[in-house]
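Dear colleague,

Please find below the structure I am handing over to you. My findings follow directly after it.

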Amino acid sequence: MITAIVPITILFITFEHPITHYLGKISYSLYLTHSLSGDFFLSYIKALHMNVYLELLITLIFCILTAGLFYFLVEKHALSFSKKLKFN
């Protein structure tokens, strides 16, 4: 019984973190923008000949920042606009 309760408790504690909440908010924007922003940024950073894992980490951070920017500039306004629409 305890082995079933402990993972569930850890799961709820983990997802209440502000970082996971932020990633949840921008997840659709990340889905929409990760391919373009990741390929674009990775093509420039590969010229620096860094460690592959460091390149991927920096590209991941860039993709998250791009998705956050897209969320606050586009998606948030589109969501508020869609709530104002009335359907018959």
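Leu54, Leu57, Leu60, Ile61 and Leu65 make a nonpolar surface patch of about 460 Å². For such a patch, residues must have over 30% relative accessible area and no salt bridge, with nonpolar side chains (Val, Leu, Ile, Met, Phe, Trp, Tyr) joined within 5 Å and like charges within 9 Å; a salt bridge is a side-chain nitrogen of Lys or Arg within 4 Å of a carboxyl oxygen of Asp or Glu. Areas come from the Shrake-Rupley method with a 1.4 Å probe, and for residues only the protein chains shown count as cover. Leucine 54 is placed in helix α4 (residues 52-84) and, at 39% relative accessibility, is partly exposed (buried means under 20% relative accessible area, exposed over 50%, partly exposed in between).

The model is a predicted one: local features need pLDDT of at least 70, side-chain atom pairs count only at pLDDT 80 or more, and totals for chains, interfaces and linings use all residues. Residues are numbered from 1 along each chain as its sequence is written, and side-chain values use heavy atoms, without hydrogens and water.

The chain has four helices and zero strands (DSSP runs, H or I of at least four residues for helices and E of at least two for strands, numbered from the N terminus). Of its 88 residues, 15% are buried. The chain exposes about 7400 Å², of which carbon and sulfur atoms supply 75%.

Threonine 33 lies in helix α3 (residues 27-45) and is buried, at a relative accessible area of 11%. A polar atom of its side chain is 2.8 Å from the backbone oxygen of serine 29. Leaving aside residues up to four places away in sequence, threonine 33 touches Gly38, Thr66, Ala67 and Phe70 (contact means heavy atoms within 4.5 Å).

There are four aromatic pairs (rings of Phe, Tyr and Trp, the last by its six-membered ring, with centres within 6.5 Å; planes under 30 degrees apart are stacked, over 60 edge-to-face, the rest tilted). One of them joins phenylalanine 40 and tyrosine 44, edge-to-face at 5.0 Å centre to centre and 70° between the planes. These two residues are four apart in helix α3, so about one helical turn separates them. Phenylalanine 40 is partly exposed at 48%, whereas tyrosine 44 is exposed at 54%. The rings of tyrosine 71 and phenylalanine 72 also form an edge-to-face pair, because their planes stand at 80°, with centres 5.0 Å apart. Here tyrosine 71 is buried at 10%, while phenylalanine 72 is partly exposed at 36%.

With kind regards

Notes. Buried means under 20% relative accessible area, exposed over 50%, partly exposed in between (1.4 Å probe, protein chains only). A polar contact is a pair of N or O atoms within 3.5 Å; within protein, one must be able to donate a hydrogen and the other to accept it, and residues adjacent in sequence count only if both atoms are side-chain atoms.
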